[in-house]
Amino acid sequence: MADIFEKAEQVLAEIAAQTPANAAELESFRIQYLGTKGLIKSLMEEMRNVPNERKRDYGQLMNRLKQEAEAKHDALKEVFESQSQGAAAQAIDLTAPGEPFPLGSRHPVAVTMNRIVEIFTRMGFSVVDGPEIEDDWHNFTAMNTPEDHPARDMQDTFYVVDAPGMLLRTHTSPVQARVMENRQPPIRIIAPGRVYRNETISTRSHAQFHQVEGLYVDEGVSFADLKQTLLYFAQEMFGATKIRLRPSFFPFTEPSAEMDIWLGTDTEKNARLTKGTGWLEILGCGMVDPQVLENCGIDSKKYSGFAFGMGIERQALRLYEIGDIRLLFENDVRFLRQFAAAM
Ligand code: PHE
């Protein structure tokens, strides 16, 4: 009789040692110990062979076995059930309607820049790029603005402390120098990009804004070419019928001019934009100074050229009738969304 007690004690220890790790293992555990053909049931059946004086002890042992197995089973069952409910809650509901993908839009500055670039590429200009962290030579000296030239004061910028002579470019004009240093005419390029200025000095601009530069160098390029090219641009870009070239000064062009387009004063908006004159300033331009050609290794006796540069932000404001330039930098989606249809 001793061994049936021993066997039961063994099974009790076994149950305590079992660790079903998931619902399937728990079910095997249940069948093995608690099932109708399980171990506990067969141990119970041994009761009839137990002498009467020990039946009570054996019965108590059977109860412990059953309780132990049931308690373990019930506790684990609860754990596995709540786990699978959690997983079901996280599972993807394939019948749910999809999340809409909002269509992005280009920034109005990018749209305006693309329009300018597109007009000039149609005239045979190709797009080139230059570094935003520029050296002093390309930004100033090659462009005929040596150190101590008063024109530098108007284009104060941010200097790289650890790299003397390196600065954030103040205009896209250094791209002119970079292109001319690297190839001979004919040159017909357009260079859009970001530029920087110390805004406490250049009150008209932000610390960071955008420009598009143009350069045309070949044999026999004249002021008439400049004028016709820019008139065509003004017509295509703004539908302007007339341009006006006012004498101006840039160190790297001679002669230099500011180009205005004719908007007229017939609408209140045009009167306001042009401050009652009908004319709106668009860009700076001029014939490339022979000294700049020579600085960049181009024979100024053989070649001549014209260049122009314009800010993008102000044109974007005009094109889209945006009242406040700060809207262009705040990146408020409610504002930007309105340009979703623009290219
Ligand atoms: N770089 C000048 C500026 O930033 C614009 C310009 C470009 C003028 C090319 C003439 C020729 O104001």
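Strands β7 (residues 253-262) and β8 (residues 279-288) pair in the antiparallel sense over eight bridges; pairing requires that DSSP finds at least two bridges between two strands. In this predicted model, local features need pLDDT of at least 70, side-chain atom pairs count only at pLDDT 80 or more, and totals for chains, interfaces and linings use all residues. Residues are numbered from 1 along each chain as its sequence is written, and side-chain values use heavy atoms, with hydrogens and water left out. Strands (E, at least two residues) and helices (H or I, at least four) are DSSP runs numbered from the N terminus.

Of the 10 residues of β8, nine are buried, that is, under 20% relative accessible area with a 1.4 Å probe and protein chains only (exposed is over 50%, partly exposed in between).

Strand β7 also contains Pro255, and the peptide bond from Glu254 to Pro255 is cis, with omega near 0 degrees. A cis peptide bond likewise links Pro185 to Pro186, with omega near 5 degrees; Pro186 belongs to the loop between α7 (174-182) and β4 (187-196).

Positive phi values occur at two non-glycine residues, Asn144, near 65 degrees, and Glu321, about 50 degrees. Asn144 is situated in the loop between α6 (136-141) and β3 (166-168). Glu321 is located in the loop between α11 (313-320) and α12 (327-330) and is exposed, with a relative accessible area of 56%.
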